[in-house]
Amino acid sequence: MYFPSSRPWADGETLSEHLERRGVSRRDFLKFCGEMTAVLGLSSAMTPKVAAALAAMKRPSVIWLQLQECTGCVESVLRTGNPSIGDLVLDVISLDYQHTIMAAAGHQAENALQQAMKDNKGEYLLLVTGSIPLNDDGIYLTIGGRTAKEILVDAAKGAKAVIAVGACAHWGSVQAARPNPTGAVGVSEVVTDKPVVNIAGCPPISDVVTATIVHYLTFGNIPELDYDGRPRFAYSSRIHDQCPRRANFDAGQFVEEFDDEAARKGYCLYQVGCKGPATFSPCPIFLWNSGTSWPIGAGHPCIGCTERHFWDTMSPFYKRMPDVAGFGIESKVDLIGAALAAGAVAGVAAHATATGVHQIRERRRERELPIVNQPPSGKKE
Amino acid sequence: MTALERPPRAPRMHLGSEAQPPTGKYQWIYLWELPIRVMHWTAAVAIVVLATTGLYIGKPFFMTGGEASSHYLMGWVRFLHFSAAAVLVTTGIVRVYWLFAGNRFERLAALFPIRPRDWANMVKQVKYYLMIKPGDAPQYLGHNPLQQLSYTGIYALTAVMVVTGFAMYGQSNPDGMFYRLFQWLVPLLGGIQIVRFIHHVSTWIFLIFIPIHVYLAMRGDVMERSGTISSIISGGRFVRSDVKYVDE
Ligand code: HEM
Ligand code: SF4
Ligand code: SF4
């Protein structure tokens, strides 16, 4: 466990020098590099390269913008009960501008932002949490008299890489849920001229943020992304395909209520609305709260927080089918479907009866069969 | 087989003209060639299997107890679902090929009631079924416009099931072929849950279609002696020689 120190990472000092001063042994540092290499899905032969690059690294300039958000992601990423070296790396690098945790306030803070952007133009890493409200000229979020959009566009111009941390920065999250009154969008909808890394999740696991930054610092570029801009090393498998309860799913063993026998036995949460089959996230591997547990491990279904529009398409969280149009009809699809199918059978029976009755009436009237000729007997049909 | 070397088609018959009808009153007309008949029954079985296993996947009504390692119920159901899906796709490929290689009752054009006359006849057909004008049903050798519309609709629905099904299937392996082929659908529809929802709801449309389809086929046989059911088994049916058929 490492404690935050009052002495920041000085310009000119390398990371290994700085960590040493903070009481991190070479051995622990190498272990951390090994873990990051594994998390990034690289071969272990790469560990020395990662270690060498990180050890020699000078303090990178990082600007962290907090836009329309709840600060939950900042909490998730920066504050942990038992900080690891990874947390420390995040802690020490995010110094140029982070309005929640920086000492400066008001004009002083704004000046720090402008200064950092000017001094490190084209070199700094831009981290963003929170969405950008676009409705009504963006008046729903202004800092120092500027709208979120202006601040972001301005900061993105000189950034070497842009990392959107959390569901809000990814696509808008809860603010963007129907009916999205502020017109909230994610970073990639505003910054379109350079690739944006989306660290999905509400909030995301801090290891993913650390590993992405480590990748960037080691290789000088962002990791491979999926179709939605999420780093593939973390978001290339579904929860459902890595879940320890998958054996129960395949066996046909399901929890039906949260206090039933199946729940006590730790069966699969599919029937109580688990969105694991729809969600790409590394939760079962990385785990939460310093590796303690994760939602499904604790008996709660996954709500799909790493997927775009999850508030709308993954809810109701305890039902399997989404509430597509927003008025609850969908939860009754099976009832409606079964009723219509039964109706079709009943309708067909009624129609057959009506046809029979009609036929009898016709025959009474005409006293003769309507269609006379049968195919000749013995003829192949 | 290429389109050039396809088997000789049944000669186009002009009713009551050159071809001598068997009795003078009826004649046998060849409508559905072998690939179409095989496709129909294979797809029918596949769809019944898909709908049953699909309903179980949607709502697992049987459950097992004890150790997970001693059961594989959902596993087998999903295996059956995906196997039947493969069969259904195969029949689909045959059907698409036959849209171009088939006879005039089977070709692409026969799928769409696009002429004004078709729409008028469709109204007549509906009136006939509703017993408003029972005697007035237009006579077709192949499919009447109402049948064209509903069968083409079922083909379209099958295509929807296939693409939504494979979009879900592909997600278990994002490096695989199915992910690459069908993943475009997911952002297009607004997320995998919407894809799942469409797949789930469309199943009910099949379950509504099936009884109506079976009933109308049987009714045609009983009421009009139309030989509809035998035509999808043997390929042809007996038709009256003294009737003028719209699609002769
Ligand atoms: C007539 C055709 C089909 C019917 C009636 C049908 C029906 C269903 C139903 C009712 C479900 C449950 C949906 C849910 O509640 O989540 C389902 C799931 C599924 N179906 Fe189909 N399906 C059909 C064709 C296909 C095809 C062609 C594929 C292609 C591979 C496919 C793949 C899937 C997959 C991957 C699932 C989800 C399974 C899971 O999440 O474990 N289906 N199907
Ligand atoms: S993504 Fe979630 S936790 Fe993060 S700021 Fe937005 S609402 Fe809060
Ligand atoms: S608990 Fe959820 S993710 Fe795990 S096997 Fe069941 S449905 Fe899949």
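Student: In which helix of chain A does A:Phe219 lie?

Tutor: Bearing in mind that this is a predicted model, A:Phe219 lies in helix H11 of chain A, which covers residues 206–219.

Student: Why is A:Phe219 called partly exposed?

Tutor: The relative accessibility of A:Phe219 is 26%, and because buried requires a value under 20% and exposed a value over 50%, with partly exposed in between, A:Phe219 counts as partly exposed.

Student: Which residues does A:Phe219 touch, leaving aside those up to four places away in sequence?

Tutor: With those neighbours not counted, A:Phe219 touches A:Leu42, A:Met46 and A:Lys49. For A:Lys49, which is 170 residues from A:Phe219 along the chain, the C-alpha atoms of the two residues are separated by 9.4 Å.

Student: Turning to aromatic pairs, how many does a search of the whole structure find?

Tutor: Over all chains, the search finds 22 aromatic pairs.

Student: What makes the pair of B:Phe82 and B:Tyr169 edge-to-face?

Tutor: The ring centres of B:Phe82 and B:Tyr169 are 4.8 Å apart and the planes stand at 70°; since pairing requires centres within 6.5 Å and edge-to-face requires planes over 60 degrees apart, the pair is edge-to-face. Because B:Phe82 belongs to helix H2 (residues 73–101) and B:Tyr169 to helix H4 (residues 145–170) of chain B, the pair ties together parts that are 87 residues apart in sequence.

Student: How do you know that the rings of B:Phe166 and B:Tyr169 also form a pair, and of what kind?

Tutor: Their centres are 6.0 Å apart and their planes at 90°, and with the limits of 6.5 Å for the centres and 60 degrees for the planes, the pair is edge-to-face. B:Phe166 and B:Tyr169 are 3 residues apart in helix H4 of chain B, so about one helical turn separates them. Ring pairs link B:Phe82, B:Phe166, B:Tyr169, B:Phe178 and B:Phe182 into a cluster.

Definitions and conventions: Residues numbered from 1 in each chain as written. Chains lettered and ligands numbered in written order. Predicted model: local features only at pLDDT ≥ 70, side-chain atom pairs only at ≥ 80, totals over all residues. Heavy atoms only, no water. Phe/Tyr/Trp six-rings, centres within 6.5 Å; stacked < 30°, edge-to-face > 60°. Helix = DSSP H or I, 4+ residues; strand = E, 2+ residues; numbered from the N terminus. Buried < 20%, exposed > 50% of the residue type's maximum accessible area, 1.4 Å probe, protein only. Contact = heavy atoms within 4.5 Å.
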